[in-house]
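My notes follow, roughly in the order I went.

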Amino acid sequence: MGRSRVCAVCGVRLPRAGSARRRYCSGACRAQAWRDRQTSGRIITIGGLTAEATATGDVEALERLLCPVCRQPVLPGGRRRKDTRYCSGACRTRAWRHRRLPREEPGKGGAAPGCRAVTSSRHRTARDAVR
């Protein structure tokens, strides 16, 4: 009995009929494999650039290569803009909230220590009405 072949991406068994060189069950899996290859190439490139900037002490290059919020490598290209600054939408939102929300000074009736910042205008309005 012959060995059964499976899709290289999702693991679904490939049909016996068809080319012996077939590796993917569908065009979607073939496209996903291509995107994965592109991403792995960018990861290797970013890793090399980050290591080089760290070794030479190039702070400006590190600022361009790392997310300013979580310090993870940023992978531009693919489904992202070439000039992206943040590693994810969550970091982008966190940075925006940090810029937009006024900082409450301790001792001026602000939130209790350990409380999270108010992130919604509806909650902010309710908080201000109580004061």
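I started with α1 and asked what its buried residues pack against. They pack against α2, which covers 59-65. Keep in mind that I'm looking at a predicted model here.

Next I listed the buried residues of α1: Cys-29, Ala-33, Ile-46, Thr-50 and Ala-53. I remembered that an α-helix has 3.6 residues a turn, so residues three or four places apart point the same way.

Then I checked how far α1 reaches. The helix takes in residues 27-56, 30 residues in total. From its first C-alpha to its last I get 44 Å, close to the 44 Å expected at 1.5 Å a residue. Just after α1 comes Gly-57, and its phi is positive, about 75°.

On to the nonpolar cores. Which residues make up the largest one? I found 6: Cys-67, Val-74, Tyr-86, Cys-87, Cys-91 and Ala-95. Another core lies apart from that one and has 5 residues, including Cys-7, Leu-14, Tyr-24 and Ala-33. I also looked up the contacts of Cys-91: leaving out residues up to four places away in sequence, Cys-91 touches Cys-67, Val-69, Cys-70 and Tyr-86.

Last entry: salt bridges. How many does the structure hold? I count 1. Its partners are the side chains of Arg-71 and Glu-63, with 3.5 Å from N to O. Are these two buried or exposed, or something in between? Arg-71 has 38% relative accessibility, so it counts as partly exposed. Glu-63 is at 43%, so Glu-63 counts as partly exposed too.

Conventions:
Residues are numbered from 1 along each chain as its sequence is written. This is a predicted model: local features need pLDDT of at least 70, side-chain atom pairs count only at pLDDT 80 or more; totals for chains, interfaces and linings use all residues. Side-chain values use heavy atoms; hydrogens and water are left out. A salt bridge is a side-chain nitrogen of Lys or Arg within 4 Å of a carboxyl oxygen of Asp or Glu. Buried means under 20% relative accessible area, exposed over 50%, partly exposed in between (1.4 Å probe, protein chains only). A nonpolar core is a set of buried Ala, Val, Leu, Ile, Met, Phe, Trp, Tyr and Cys residues joined through side-chain atoms within 4.5 Å. Contact means heavy atoms within 4.5 Å. Helices (H or I, at least four residues) and strands (E, at least two) are DSSP runs, numbered from the N terminus. The expected span of a helix is 1.5 Å times one less than its number of residues.
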